2 protein chains.
Amino acid sequence: MVRYEHPPISAVSARDVFQALSDPIRLEIVRRLARRGAQNCAELSDARPRSTMSHHFKVLRDAGVVRTLAQGTEHINSLRGDELESRFPGIVAMILDENEERPKADAAALVR
Amino acid sequence: MVRYEHPPISAVSARDVFQALSDPIRLEIVRRLARRGAQNCAELSDARPRSTMSHHFKVLRDAGVVRTLAQGTEHINSLRGDELESRFPGIVAMILDENEERPKADAAALVR
DNA sequence: GTTGTATTTCGAAAATAATCGAACAATGTA
DNA sequence: TACATTGTTCGATTATTTTCGAAATACAAC
């Protein structure tokens with residue numbers, strides 16, 4: 001039985017969370033978990049190699065963002081949403097970022 | 001006169017902010033700005049080479065986290081705190097992360 | 001036990017990011 | 001004008017991260 005380590009939420013640092021969420025694939029994983037709830041690794045992998053995804057899940061786990069639970073042969077991932085939100089209020093909304101501008105072409109606009 | 005570009009806050013993405021704050025030096029810069037207000041580049045540089053710091057300021061500016069204003073020969077940096085906070089409520093507290101556990105040795109504690 | 005499915009670990013290659021010296025630019029002052 | 005100060009840009013080096021195939025592990029069903 002694979003036993004995953006998950007840091008207690010109090011030990012999770014902002015830095016680790018920022019770092020975990022700075023990768024586009026990981027951010028997408030987390031957004032899906034936030035929107036559609038727990039999913040196994042395969043469901044979240046699109047066409048990417050398993051070893052790649054396994055690495056990303058590990059980064060997310062170690063950062064305290066995601067919890068992985070082995071259920072028979074599949075491992076289901078879930079966002080540690082309530083815990084994260086109590087540790088860093090607002091973080092879940094930021095992850096979802098509903099207000100994100102699309103397309104971001106005009107990011108080039110000059111200000112000052 | 002150097003003219004810095006700053007993206008409008010509406011064009012700032014969560015991803016870019018996460019990425020900008022994922023570096024320990026940049027996070028430290030931002031924490032100092034949040035705590036002690038605007039400062040010029042030199043004050044924030046500790047003993048690091050200017051070219052290195054210049055790079056970090058650029059990343060922070062491009063991500064929409066910091067604003068740089070040329071004032072004579074020095075360039076003063078400030079956190080875009082209110083703007084960031086309205087775009088991503090809670091982000092400033094997360095940056096400051098007052099509840100951060102120190103030391104984080106016990107992060108190794110096993111849960112589940 | 002063998003097979004099949006799901007996932008991790010290992011190790012190496014490729015991509016990305018950080019670092020930093022040297023040269024350059026802008027400003028203020030003598 | 002010359003000089004000192006502050007910070008940027010360029011280019012090369014190093015360090016870190018991501019990617020991914022191959023081999024290994026765990027479990028469930030036959």
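A: A pocket here is an open set of points on a 1 Å grid over the protein atoms alone, where a 1.4 Å probe fits and protein lies on both sides within 12 Å along at least five of seven lines; a cavity is a set from which the probe cannot get out, and lining residues have an atom within 4 Å of a point. Points are joined across faces, edges and corners, and the volume is the space filled by probe spheres set on them.

The model is predicted, so local features need pLDDT of at least 70 and side-chain atom pairs pLDDT 80 or more, while totals for chains, interfaces and linings use all residues; side-chain values use heavy atoms, without hydrogens and water. Residues are numbered from 1 along each chain as its sequence is written, with chains lettered from A and ligands numbered from 1 in the order written.

The largest pocket has a volume of about 260 Å³. Its lining counts 13 residues. Nearest the centre lie B:C41, B:A42, B:S45, B:R50 and B:M53. Helix α3(B) supplies the largest share of that lining, 6 residues. Helices are DSSP runs of H or I with at least four residues, strands are runs of E with at least two, and both are numbered from the N terminus. Helix α3 of chain B spans 50-62. (Ala, Val, Leu, Ile, Met, Phe, Trp, Tyr, Cys and Pro count as nonpolar; Asp, Glu, Lys and Arg as charged; the others, Gly among them, as polar.)

Now chain A. The second largest pocket has a volume of about 220 Å³. Its lining includes A:C41, A:A42, A:S45, A:R50 and A:M53. A:Y4, A:F57, A:R61 and A:H75 are also among the lining residues. Here α3(A) gives the most, with 5 residues. The classes are 5 nonpolar, 4 polar and 3 charged.

Next, the sheet of chain B. It is open, has 3 strands in the order β1-β3-β2, and pairs antiparallel. Its edge strands are β1 (39-40) and β2 (66-71), each pairing on one side only. Two strands pair if DSSP finds at least two bridges between them. β1(B) joins β3 (residues 74-79) of chain B in the antiparallel sense over 2 bridges. In that region B:N40 stands opposite B:I76. β2(B) pairs with β3(B) over 6 bridges, again antiparallel. B:V66 faces B:L79 of β3(B). The β2(B)-β3(B) hairpin has 2 residues between its strands, and B:G72 takes a positive phi near 65 degrees there. B:Q71 belongs to strand β2 of chain B. B:Q71 is partly exposed, at a relative accessible area of 48%. (Under 20% is buried, over 50% exposed, and partly exposed lies in between, with a 1.4 Å probe and protein chains only.) B:Q71 and B:N40 are 31 residues apart along the chain, and their C-alpha atoms are separated by 9.5 Å.

Chain A also has an open sheet of 3 strands, ordered β1-β3-β2 with antiparallel pairing. Its edges are β1 (39-40) and β2 (66-71). β2(A) and β3 (residues 74-79) of chain A pair over 6 bridges. One bridge sets A:L69 against A:I76. Overall, chain A has 5 helices and 3 strands, in the pattern α-α-β-α-β-β-α-α.

A:L33 sits in helix α2 of chain A. A:L33 is buried, with a relative accessible area of 3%. Beyond residues up to four places away in sequence, A:L33 touches A:A38, A:Q39, A:L44, A:V66, A:N77, A:S78 and A:L79. Contact means heavy atoms within 4.5 Å. A:G81 is 48 residues from A:L33 in sequence, yet 9.3 Å away in space, C-alpha to C-alpha. Of the 112 residues in chain A, 47% are buried.

Finally, the largest nonpolar core. Such a core is a set of buried Ala, Val, Leu, Ile, Met, Phe, Trp, Tyr and Cys residues joined through side-chain atoms within 4.5 Å. This one has 54 residues, and A:L21, A:V65, A:I91, B:L21, B:V65 and B:I91 touch the most other members. Helices α1, α2, α3 and α5 of both chains each give two or more residues to this core. B:L21 reaches across to A:R15 and A:F18. Within chain B, its contacts include B:L27, B:V30, B:L60, B:V65, B:I91 and B:I95.
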